[in-house]
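Have a look at it first, and then read on.

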Amino acid sequence: MTTRYTFGGDEHIFVEIDAEMSLEAFFKSLSITSAVKQASINGVTEICPANASFQIKFNPDRIHPDDLMAELKRLEESANRAEPVLKTRIIEIPVYYQDPWTHETLMRFRERHQDPQASDIEYAARINGYDSVDGFIQAHSGAPWFVSMVGFVAGLPFLYQMVDRKRQIQVPKYLRPRTDTPKQTVGYGGSFSCIYSVRGAGGYQMFGITPMPIYDPKQRVSYLKDFMVFFKPGDIVKWKPINRDEYEQALEDVEKGHFAPRIRNVDFSLDAFNADIDGTNAKLMEALHAG
């Protein structure tokens, strides 16, 4: 990986770790941005990590752009020497696949889709070589996912599938974006899954919906009282398929303040993962369901 540094106007530095997404690029980006935060550099006003890059906003009246650039490169050298281990959390997210609400929405926008005769998940299953939608759902929910960035709209996580490249699901976005997407839709575009944190426009394929709020600006949801955004880069997600009754029960529990997502703290080693992907994922699943 060859890191590329560029200035973005007078108040930003953009750092591209790699031209393509990989866990190695993500880890390096997260390591550098964490170091920037810990360093409390005078003049840095915002740190924005992304999938394989990050952007730093700064006040040029408090730090010279060249000085900040030099400091970022110094922190990169330290990140290159650091062991790629992350203290993070694994979270179980319930998903009602093929729900009636995203289905109604996708049917309203079939003229914008590559295959107007199929639903989004039927199309995704077919182009990825699965014989059935059930097989595709098993693949989508069977392995964990990394939250590589949060943004685009408030609270929306981008999730990267933790399997070897040949097994990664790939689905193109709609030919033209929709003007509507239900809140908490589980979507897919390119090689990334996501959860739409709010209702609005979107172009990702729609596979289902989660009853679990992930963004609450009024902070009324029990597990979002400390911070309105649930996800943070480095989180690991495991999808849990649920049926209609389980979905309705979860909605009721959220409304009453009884819903609590299953969360476990874990240590994730990139070297161990690359040496044994399925074995590492199995240990993550054991940690998730322990206790």
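## A hairpin to start with

Cysteine 48 has glutamine 55, a residue of β4, as its bridge partner. This is a predicted model, by the way. Another such pair links glutamate 46 with lysine 57, which also sits in β4.

To get from β3 to β4, the chain goes through a hairpin of 3 residues.

## The sheet around it

What is the order of the strands in the open sheet? Reading across its 4 strands, you find β1-β2-β4-β3, with antiparallel pairing. The edges belong to β1 and β3; each has a single partner strand, so one side of each has no neighbour in the sheet. Going from one strand to the next, the twist averages 15 degrees.

## A helix lying across the sheet

Now look for α2, which lies across β1, β2, β3 and β4 and runs at about 155 degrees to β1. This helix spans residues 65-81, 17 residues in total, and reaches 25 Å from its first C-alpha to its last, close to the 24 Å expected at 1.5 Å a residue.

Which residues of α2 are buried? They are Leu68, Met69, Leu72, Leu75, Glu76 and Ala79. These residues are on the same side of α2 because they cover an arc of only 125 degrees around the axis. Their cover includes β1 (4-8), β2 (12-16), α1 (23-39), β3 and β4.

Time to look inside. The largest nonpolar core has 32 residues, and those with the most contacts inside it are Ile93, Phe207, Phe230, Phe231 and Trp239. Several elements give two or more residues to this core: β5 (85-97), α4 (120-127), α5 (133-142), β6 (145-150), β8 (185-189), β11 (236-241) and α6 (244-256). There is also a second, separate core, this one of 27 residues, with Met21, Leu30, Met162 and Leu270 among them. As a rule, nonpolar side chains in soluble globular proteins tend to be buried together.

Setting aside neighbours within four places in sequence, phenylalanine 207 is in contact with Tyr97, Gln98, Asp120, Ile121, Ala124, Phe136, His140, Val171, Val186 and Tyr188.

Next up is α5, where Val133, Phe136, Ile137, His140 and Ser141 are buried. Looking down the axis of α5, you'd see these buried residues fall within an arc of 120 degrees, so they line one face of the helix. Turned away from that buried side is a face with the exposed residues Asp134, Gln138 and Gly142.

## Back to the starting point

Finally, find methionine 149 in strand β6. Is methionine 149 buried or exposed? Its relative accessibility is 16%, and buried means under 20%, so methionine 149 counts as buried.

Methionine 149 brings us back to cysteine 48: the two are 101 residues apart in sequence, yet 8.8 Å apart in space, C-alpha to C-alpha. Not counting residues up to four places away in sequence, methionine 149 touches Pro49, Ala50, Asn51, Leu156, Pro157, Phe158 and Pro233.

Key
Residues are numbered from 1 along each chain as its sequence is written. This is a predicted model: local features need pLDDT of at least 70, side-chain atom pairs count only at pLDDT 80 or more; totals for chains, interfaces and linings use all residues. Side-chain values use heavy atoms; hydrogens and water are left out. Two strands pair if DSSP finds at least two bridges between them. A nonpolar core is a set of buried Ala, Val, Leu, Ile, Met, Phe, Trp, Tyr and Cys residues joined through side-chain atoms within 4.5 Å. Buried means under 20% relative accessible area, exposed over 50%, partly exposed in between (1.4 Å probe, protein chains only). Contact means heavy atoms within 4.5 Å. The expected span of a helix is 1.5 Å times one less than its number of residues. The arc is that of the directions from the helix axis to the C-beta atoms. Axes are lines fitted to C-alpha atoms, for helices over the stretch in contact, and angles run from 0 to 180 degrees between N-to-C directions.
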